[in-house]
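Please prepare a short briefing on the structure shown below.

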Amino acid sequence: MSDEEHTCAMSFKNSFVNSKMMAEKYVNQFRANPAWNYEGMNQQLRTDTNVDASLWQYYKARRKAKVMIEGTIKEQYSKLWEYCGELKRMNPGSTVKMQCEMVPGDENPHFKRLYVCLEALKCGWKAGCRPIVGLDGYFIKGHHRRQLLTAIGVDPNNQMYPIAYALVESECGETWRWFLELLGQDLGINHSHGISWITDKQKGLIDGIAELFPESEHRHCEKHLRNNFKVQHKGLMLKQLMWAAVKSTTSQGFEQQMHVIRGENQAAYQWLAEKDPTNWTRAHMKEFLKCDMLCNNMCEALNSAIVQARDKPVITLMEMVRNYLMSRMAKKREELKKWNHPIGPKMMRYLEKVKLANSCCNPKFCGGKSYQVRCFDSEQYVVDLESHTCACRKWQLIGIPCMHAFSCINLMNLDVYDFVHPFYKKEAYLAAYSPIIDGINGPNMWAKTKNRPVQCP
């Protein structure tokens with residue numbers, strides 16, 4: 001041995017510590033925390049090996065670990081038939097439809113579309129939700145760019161209730177028609193006059209709904225309408241006047257607001273007058289739906305909840321959506337146990353606001369179940385507690401007594417919950433969320449099929 005002292009400096013580089021080694025070593029950390037960043041991994045690597053990794057090595061390691069966890073994109077597409085079979089086996093009654101297409105020169109089918117409507121969601125919507133459905137599509141950012149189409153209902157607490165979802169090649173008239181045909185079958189929509197749709201006027205949706213459900217109500221998202229309106233007609237005044245017209249619940253109030261808009265700006269009035277009022281005003285809504293929503297926020301809520309899934313391979317994406325829905329159904333069942341009133345917390349807050357507002361109402365008994373209510377603003381309305389109606393139409397549109405109706409209920413010392421529509425009661429909430437979305441086994445437990453493996457699109 002040499003007695004000479006080493007003069008080389010300590011190095012934090014090691015050719016054996018490469019992206020493959022890091023992926024294999026830290027695959028469990030990436031599995032537990034897919035968002036594990038460069039600083040976190042590099043600190044752990046330095047602690048374990050006294051070596052630093054470059055940012056490029058981190059990205060390569062993360063990509064390799066992702067393949068180890070999820071499998072390659074090609075592998076996931078090849079297992080789609082088995083995945084669909086397992087989903088239907090563990091959730092009997094569910095609709096799982098996959099469409100493939102043949103490509104010249106390839107004997108195996110290529111993926112085109114996949115539609116899923118789980119039995120629990122299908123039954124829950126029919127049993128406990130109002131007949132109104134929001135439709136929207138989201139971009140999928142993965143290797144093969146797709147669109148995720150969704151159908152969202154409204155639960156008894158006025159929160160979103162996902163019904164069905166589909167992965168399609170693009171958002172167009174053909175894909176929306178295919179989605180709506182399957183959705184209509186699942187929801188049992190035989191007479192289209194009994195349902196309402198809320199959309200952002202996406203490509204092909206207007207024609208598709210008009211063709212498949214000609215008698216249904218089709219509401220256009222007010223936010224989308226307002227954004228288009230302000231492009232040509234700017235100013236806070238016009239925005240407020242348009243919103244006042246949208247919120248008017250009677251035909252007389254709507255006409256008055258349109259008259260005001262006409263006096264303020266003729267072009268703005270003409271722009272609105274060309275739109276079918278049944279699509280964007282509460283004054284022309286159907287009353288039996290018991291929902292006055294004009295914004296498609298329900299779909300945006302689901303989009304935010306599954307945003308982490310949108311760049312994943314096909315089976316991982318579909319499973320992240322299903323797992324979210326499965327956990328949400330279980331969570332909502334637990335939340336019901338904490339209800340302190342016959343209606344949900346969100347609707348209870350709405351009712352409390354109504355109670356506060358009724359102080360400006362002066363009800364007078366007319367006879368039978370009829371009352372005359374005069375407000376401090378000199379407006380006057382007739383309320384009928386037997387038919388659950390008020391001349392302002394808010395009660396009929398929402399299904400919860402308006403301030404005029406509540407003043408009459410309060411005058412007679414009646415229980416206000418007896419005048420709330422059953423759509424909002426605990427029983428409806430339980431009916432919506434009592435169905436269970438069952439879990440599925442891992443890929444190794446999926447039954448093999450005789451179908452040719454599906455190829456990437």
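A nonpolar patch on the surface is formed by Phe-365, Leu-411, Met-412 and Leu-414, which together have about 370 Å² of accessible area. The model is predicted: local features need pLDDT of at least 70 and side-chain atom pairs count only at pLDDT 80 or more, whereas totals for chains, interfaces and linings use all residues. Residues are numbered from 1 along each chain as its sequence is written, and side-chain values use heavy atoms, with hydrogens and water left out.

**Surface patch**

- Patches consist of residues with over 30% relative accessible area and no salt bridge, where like charges are joined within 9 Å and nonpolar side chains (Val, Leu, Ile, Met, Phe, Trp, Tyr) within 5 Å.
- A salt bridge is a side-chain nitrogen of Lys or Arg within 4 Å of a carboxyl oxygen of Asp or Glu.
- Accessible areas come from the Shrake-Rupley method with a 1.4 Å probe, and for residues only the protein chains shown count as cover.
- Leu-414 is found in the loop between helix 18 (403–411) and helix 19 (426–433); helices (H or I, at least four residues) and strands (E, at least two) are DSSP runs numbered from the N terminus.
- Leu-414 counts as partly exposed because its relative accessibility is 38%; buried means under 20% relative accessible area, exposed over 50%, and partly exposed in between (1.4 Å probe, protein chains only).

**Strand 3 and its partners**

- Strand 3 (residues 132–140) is largely enclosed by the rest of the structure, because 8 of its 9 residues are buried.
- Strand 3 and strand 4 (residues 146–154) pair in the antiparallel sense over 7 bridges; two strands pair if DSSP finds at least two bridges between them.
- Tyr-138 stands opposite Leu-148 in strand 4.
- Strand 3 runs parallel to strand 6 (residues 196–199), to which 3 bridges join it.
- Trp-197 in strand 6 is the bridge partner of Val-133.

- In helix 6 (residues 80–90), the buried residues are Leu-80, Glu-82, Tyr-83, Cys-84, Glu-86 and Leu-87.
- These buried residues pack against helix 5 (73–78), strand 1 (95–101), strand 2 (110–117) and helix 15 (314–336).
- Glu-319 has its place in helix 15 and counts as buried at 15% relative accessibility.
- Glu-319 is in contact (heavy atoms within 4.5 Å) with Tyr-83 and Ile-440, leaving aside its neighbours within four places in sequence.

**Aromatic pairs**

- The whole structure holds 16 aromatic pairs; rings of Phe, Tyr and Trp (its six-membered ring) pair if their centres lie within 6.5 Å, and planes under 30 degrees apart count as stacked, over 60 as edge-to-face and the rest as tilted.
- Tyr-38 and Tyr-58 form an edge-to-face pair, because their ring centres are 5.9 Å apart and their planes are at 65°.
- Tyr-38 lies in helix 3 (residues 38–49) and Tyr-58 in helix 4 (residues 55–70), so the pair ties together parts that are 20 residues apart in sequence.
- Tyr-38 counts as partly exposed at 21% relative accessibility, whereas Tyr-58 counts as buried at 3%.
- The rings of Tyr-115 and Phe-179 are also edge-to-face, with centres 5.6 Å apart and planes at 70°.
- Tyr-115 lies in strand 2 and Phe-179 in helix 8 (residues 173–187), so this pair ties together parts that are 64 residues apart in sequence.
- Ring pairs link Tyr-115, Trp-176, Trp-178 and Phe-179 into a cluster.

**Tyr-165**

- Tyr-165 lies in strand 5 (residues 160–168) and is buried, with a relative accessible area of 4%.
- Among the residues that Tyr-165 touches, not counting those up to four places away in sequence, are Tyr-115, Leu-148, Phe-179 and Met-318.
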